[in-house]
Amino acid sequence: MIGPEGDFTPAEIDKALHNGFKPISLGTSRLRTETAALEACFEVNFLNRV
């Protein structure tokens, strides 16, 4: 699940976690759309290697 530009509300985060989503972060920097998508792919790939 990819968050909206303004981030998820705390209630949305709790609901996602309750439904089995695992949180990852792309850091505190704002990324361009193209960069964020690429970084998200790297993160998911890294997490699935273990």
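**Exercise 1. Determine which helix gives the most residues to the lining of the largest pocket, and describe that lining.**

Helix H2 gives the most to the lining of the largest pocket, with 7 residues; helices here are DSSP runs of H or I with at least four residues, strands are runs of E with at least two, and both are numbered from the N terminus. The model is a predicted one, in which local features need pLDDT of at least 70 and side-chain atom pairs count only at pLDDT 80 or more, while totals for chains, interfaces and linings use all residues. Residues are numbered from 1 along each chain as its sequence is written, and side-chain values use heavy atoms, with hydrogens and water left out.

Step 1. The volume of the largest pocket is about 1200 Å³, where a pocket is an open set of points on a 1 Å grid over the protein atoms alone, fitting a 1.4 Å probe and having protein on both sides within 12 Å along at least five of seven lines, and where lining residues have an atom within 4 Å of a point.

Step 2. The lining of the largest pocket comprises 29 residues, of which Ile 2, Gly 3, Asp 7, Ile 24 and Leu 26 are the closest to its centre.

Step 3. The elements that give two or more residues to this lining are helix H1 (10–18) and helix H2 (33–49).

Step 4. By residue class the lining divides into 17 nonpolar, 8 polar and 4 charged; Ala, Val, Leu, Ile, Met, Phe, Trp, Tyr, Cys and Pro count as nonpolar, Asp, Glu, Lys and Arg as charged, and the others, Gly among them, as polar.

**Exercise 2. State what share of the residues of the protein chain counts as buried, and describe the chain as a whole.**

Step 1. The protein chain has 2 helices and 0 strands, and its C-alpha trace spans about 30 × 25 × 15 Å along the principal axes.

Step 2. Of its 50 residues, 2% count as buried, buried meaning under 20% relative accessible area, exposed over 50%, and partly exposed in between (1.4 Å probe, protein chains only).

**Exercise 3. Locate Ile 2 and Phe 42, and decide whether each is buried or exposed.**

Step 1. Ile 2 lies in the segment before H1, and because its relative accessible area is 77%, Ile 2 is exposed. Its C-alpha atom is separated by 9.3 Å from that of Ala 37, 35 residues apart along the chain.

Step 2. Phe 42 belongs to helix H2 and is exposed because its relative accessible area is 51%. The C-alpha atoms of Phe 42 and Ala 11, 31 residues apart along the chain, are separated by 27 Å.

How values were computed:
Grid points are joined across faces, edges and corners, and a volume is the space filled by probe spheres set on the points.
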